[in-house]
Amino acid sequence: KRVVWSSDMLDGNESKILALKYRPKIFKDLIGQEVIAETILNAIKIGKTPNAYLLTGIRGVGKTTTARLIAKALNCSKNKNENNLCDEKDPCDHCKEIENSNHIDVLEMDAASKTGIDDIRELIENSKYNPTSAKYKVFIIDEVHMLSKQAFNGLLKTLEEPPEKLKFILATTEVRKIPITILSRCQRFDLRRVGMG
């Protein structure tokens, strides 16, 4: 989509980065990834979700956006009560908080800057506790291929025997750098570049 600047975008109230302002809020808005979206949603609706998702693809295809949408779908109050999901106009509290990056049970970690075993130990320690308010505690690890060998080894045990209420969503541009032991414990989704047509 082409973004056209308007004068109301230049006043003090519109200080959001365009990529964040126009980030899809529901799976229906995720252009070019319809098959993946449908697969993930169907699994969530019937309660057959993996312990760990692996989202791969080049920079800018929507890995982090998809990760947040998965976190929202897993924890949506309407999904729990009505086997449905929030829409854009009337989001539940969980969906609102995840969208605003301030949900206590959804942690995002950038492995490009936190690559060591100590960072993963902290994450694993946190994983031992049940979610505070949501159905699942969700750990989103972006650029997961940047983790050190020791960090991957530390993560492996938790991936093998995860607590019941914990889900991992790993995102990477370099899937070949991830150990096979980690790959084999994830459900992998390859996000495609959106075509021009």
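This is a predicted model: local features need pLDDT of at least 70, side-chain atom pairs count only at pLDDT 80 or more; totals for chains, interfaces and linings use all residues.
**Entry 1. Second largest pocket**

Helices α2, α3 (63-75) and α5 (93-99) each supply at least two residues of its lining. I took helices (H or I, at least four residues) and strands (E, at least two) as DSSP runs, numbered from the N terminus. The largest contribution to this lining comes from α2, with four residues.

I noted a volume of about 390 Å³ for the second largest pocket. On a 1 Å grid over the protein atoms alone, a pocket is an open set of points where a 1.4 Å probe fits, with protein on both sides within 12 Å along at least five of seven lines; lining residues have an atom within 4 Å of a point. The volume is the space filled by probe spheres set on the points, which are joined across faces, edges and corners.

Of the 20 lining residues, Ile 26, Phe 27, Lys 28, Leu 85 and Cys 86 are the closest to the pocket centre. By class I recorded eleven nonpolar, no polar and nine charged residues in the lining. Ala, Val, Leu, Ile, Met, Phe, Trp, Tyr, Cys and Pro count as nonpolar, Asp, Glu, Lys and Arg as charged, and the others, Gly among them, as polar.

**Entry 2. Helix α2**

I then turned to α2 (residues 34-45), which has twelve residues and reaches 16 Å from its first C-alpha to its last. That is close to the 16 Å expected at 1.5 Å a residue, the expected span being 1.5 Å times one less than the number of residues.

I listed Ile 36, Ala 37, Ile 40, Leu 41, Ala 43 and Ile 44 as the buried residues of α2. Buried means under 20% relative accessible area, exposed over 50%, and partly exposed in between (1.4 Å probe, protein chains only). Seen down the axis, the buried residues of α2 fall within an arc of 160 degrees, so they line one face of the helix; the arc is that of the directions from the axis to the C-beta atoms. Exposed Glu 34, Val 35 and Glu 38 sit on the face of α2 turned away from its buried side. After α2 comes Gly 47, with a positive phi near 75 degrees.

**Entry 3. Cysteines and overall count**

I searched the whole structure for disulfides (cysteine sulfur atoms within 2.5 Å) and found zero. Cys 76 is buried, at a relative accessible area of 2%, and Cys 186 is buried at 14%.

I counted eight helices and five strands in the protein. Of its 197 residues, 42% count as buried.

**Conventions**

Residues are numbered from 1 along each chain as its sequence is written, and side-chain values use heavy atoms, with hydrogens and water left out. Local features need pLDDT of at least 70 and side-chain atom pairs count only at pLDDT 80 or more, while totals for chains, interfaces and linings use all residues.
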